[in-house]
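Here are my notes on this entry. Please read them alongside the coordinates.

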There are 2 protein chains.
Amino acid sequence: MNTTASPWRLAARAERMNPSAIREILKVTERPGILNFAGGLPSPETFPVDAMRAACARVLAEDSARPALQYATSEGLPELRAWVAAELGRQGAAVSPDQVLITTGSQQGLDLVAKVLIDQGAPVLVETPTYLGALQAFAPMQPRIDSAASDDEGVQPDALAAQLARLAGQGQMPRFMYALPNFQNPTGRSMPEARRQAVLAVCRAHGLPIVEDNPYGELWFEQPPPAPLLARWPEGVIYLGSFSKILAPGLRLGYVIAPPALYPKLLQAKQAADLHTPGFNQRVVMEVLQDGFLDRHVPAIRARYHAQRDAMLAALSQRLDGLGVQWNQPAGGMFLWLRLPQTLDAQALLPQAVDAGMAYVPGAPFYARTPERHTLRLSFATAAPAQIDAGMAALGQVLRQALKLKA
Amino acid sequence: MNTTASPWRLAARAERMNPSAIREILKVTERPGILNFAGGLPSPETFPVDAMRAACARVLAEDSARPALQYATSEGLPELRAWVAAELGRQGAAVSPDQVLITTGSQQGLDLVAKVLIDQGAPVLVETPTYLGALQAFAPMQPRIDSAASDDEGVQPDALAAQLARLAGQGQMPRFMYALPNFQNPTGRSMPEARRQAVLAVCRAHGLPIVEDNPYGELWFEQPPPAPLLARWPEGVIYLGSFSKILAPGLRLGYVIAPPALYPKLLQAKQAADLHTPGFNQRVVMEVLQDGFLDRHVPAIRARYHAQRDAMLAALSQRLDGLGVQWNQPAGGMFLWLRLPQTLDAQALLPQAVDAGMAYVPGAPFYARTPERHTLRLSFATAAPAQIDAGMAALGQVLRQALKLKA
């Protein structure tokens, strides 16, 4: 009899699964009253509550409620798939609704891509640093993650060409490169037009397909970003999109656009994963999207984040002056990236920052390989300008103290 | 340059992914006007539309809307986790809310279980026949599926003991047994109390843990089913539940209850899969569940399905009399299982049935190993008694014709 010992045996992939570093880090930051620049949350002030309320009432009207509450197709609501295809068309990418798979947030798109494309030990290439949620989504399929040299404009094409030649020589050609060309999480950086062309040329020459993730592209401040990579190489790009940053993340609504050859595999993985994305949510969002709602709604989000980014840049200039800290000037999105003096470790300093009343996310967990421990991510999405100034003042004080101790 | 050939290379698991057999079969049955007993859909007449409408309005009230639309915790809404734990308590299983993980339908629970417990080539044991969606959820992790000999009361304990001894001797002890003790999909059969005890004793003796799937347990007709397996072996059972059959499937809301040692691994897999289940949906359902709503709502579903089951039993007796067809008398749920004369192939006959105006699902796809081709599944959930009689009459006519041709 074996009644006391645990009868469970974990899969090898699960031995490596642990509560994410960032999750543990964020627990430190959840103290009440803290000025929190650590989260990846959009501002709840931007959620279209009135439109949602009206949309729910329409979807739950007597003649439409029951289909909305029944099982639905795994591909997604046809009207929503058509909307997505038309939206990408406006951005210069010719997409058929048949290529659109509605997902339970774009995080699920990453899970499906991993299932369909990653064998155990297969190499996958990511930006340096990259979105932590993608590393988590890929991890269960046990890839070997390689990190592509990147600068303020994203992946560096010459270094990429050299790396791909080296990897191909080792029989380690990556299955795909994962890239966020617009207002990347965590850095806020974007790929300019020339960089997109140069990176695409290298990828096409080496036959390296791309998984393009674009949750933030609509949140531009002064001008829309260049056309997506998808528009330039339709058969070589899987594109992930999301409604989380332009409507609300609590709906968990995203999409994958895939080349026709890959679509049936992703669809099958989707069906096995959760049958389909909640049909109710798809219909509510489809109602919200009527009559060009986003054309009125998204400019308000852009204006808010733009003002808050400006407040953060001003506060950083004033409060971190003379400390040897560098930061970028994101042209959209929610995040800004700081490089402290190399002697400082952002993760080690976080408890002191929290004691001083503010929180950030250390940069280290976003690196697939060697972390740059002196980096950190700040979100400017949720705090008002006055809070931003107070938070940066607190950060300046912590850094000043830490540099004194080092000196 | 490599610009024309596809740059994508599929993972080995994806080579085996194809549109499911049943999906293709169901396409045949989607002809308008057909009497459809093939689907696995609950009756839309049972969806609580008024309660949903009121709940949405409360959740989207000005003071609560924004948290409902924001990112949420991966574990799920605390109030809903507490509700699930209390509900299992009423069924005799002592469950802490900390053991409850809210999932995007119970299909996602199967996906998470597979990720955490199945290595490539690892054996997994299922009932004969079993839920096709589970086979699809497990497949991407590439298990070796073994099928446990089963009769009208579920898995046979003596055969199970012999099979486990044999598998253990081969170093092929299954990672777990997947079982649906209540009104199983596809057969509608249930495990009586004595069978539960006998199977549990074999599992405990061999250290074989169980994944217990219970989407239909609340849909009993005359008396509630015996206590869940979870109540009898808390550390050896993962339990999957769902709101799809008692509220509405379009919400995609289910849950996993896991032993504390496994919970963090499932949580990590959940976070990687879709970050969290839509918080909006969780809050709407929590609102619907207030004030004992299910105590008033579920009896009406039971009564409807009970009457429709009775109509189907009566129609089968009358319309299939003398054809050598056998069927069971499910004590709850949505499905009934037919065994045609062994010379008939239910899949081959389906086009003729559709031509005659009715549709069913052939039993073969539900078998993990050797299919019994003379079996088929009928749903009594969606058709009214008069339609049921007409459908069984059409089936009788098709079978009579087929048997004539064989004779």
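Against which elements do the buried residues of α12(A) pack? The points below start there. Note that this is a predicted model.

1. Packing of α12(A). Its buried residues pack against α3 (49–59), α4 (65–69), α5 (78–90), β2 (100–103) and α13 (293–319) of chain A. Helix α12 (279–288) of chain B is also a packing partner.

2. Burial of α12(A). Nine of the ten residues of this helix are buried, so the rest of the structure largely encloses it. Among them are A:Phe280, A:Asn281, A:Arg283 and A:Glu287.

3. Strand β9(A). This strand spans residues 237–242, and six of its six residues are buried. A:Val237, A:Tyr239 and A:Gly241 point one way. A:Ile238, A:Leu240 and A:Ser242 point the other way. In a regular strand, side chains alternate between the two faces of the sheet.

4. Partners of β9(A). Strand β8 (residues 210–213) of chain A pairs with β9(A) in the parallel sense, over four bridges. There, A:Val211 stands opposite A:Ile238. Strand β10 (residues 254–257) of chain A pairs with β9(A) in the antiparallel sense, also over four bridges. A:Gly254 in β10(A) is the bridge partner of A:Ser242.

5. Domains of chain A. The assignment gives domain 1 (20–40 + 295–406) and domain 2 (69–288). Their C-alpha centres lie 26 Å apart. In the contact between them, 25 residues of domain 1 meet 25 residues of domain 2.

6. The domain 1 side of that contact. α13 and β12 (335–339) of chain A each supply at least two residues. The largest share, six residues, comes from α13(A). By class, this side has 14 nonpolar, seven polar and four charged residues.

Technical notes: Residues numbered from 1 in each chain as written. Chains lettered and ligands numbered in written order. Predicted model: local features only at pLDDT ≥ 70, side-chain atom pairs only at ≥ 80, totals over all residues. Buried ≥ 20, exposed ≤ 12 C-beta atoms within 10 Å, placed from the backbone. Contact = placed C-beta atoms within 7 Å. Pairing = 2+ DSSP bridges. Domains from an automatic or database assignment. Nonpolar A, V, L, I, M, F, W, Y, C, P; charged D, E, K, R; others polar.
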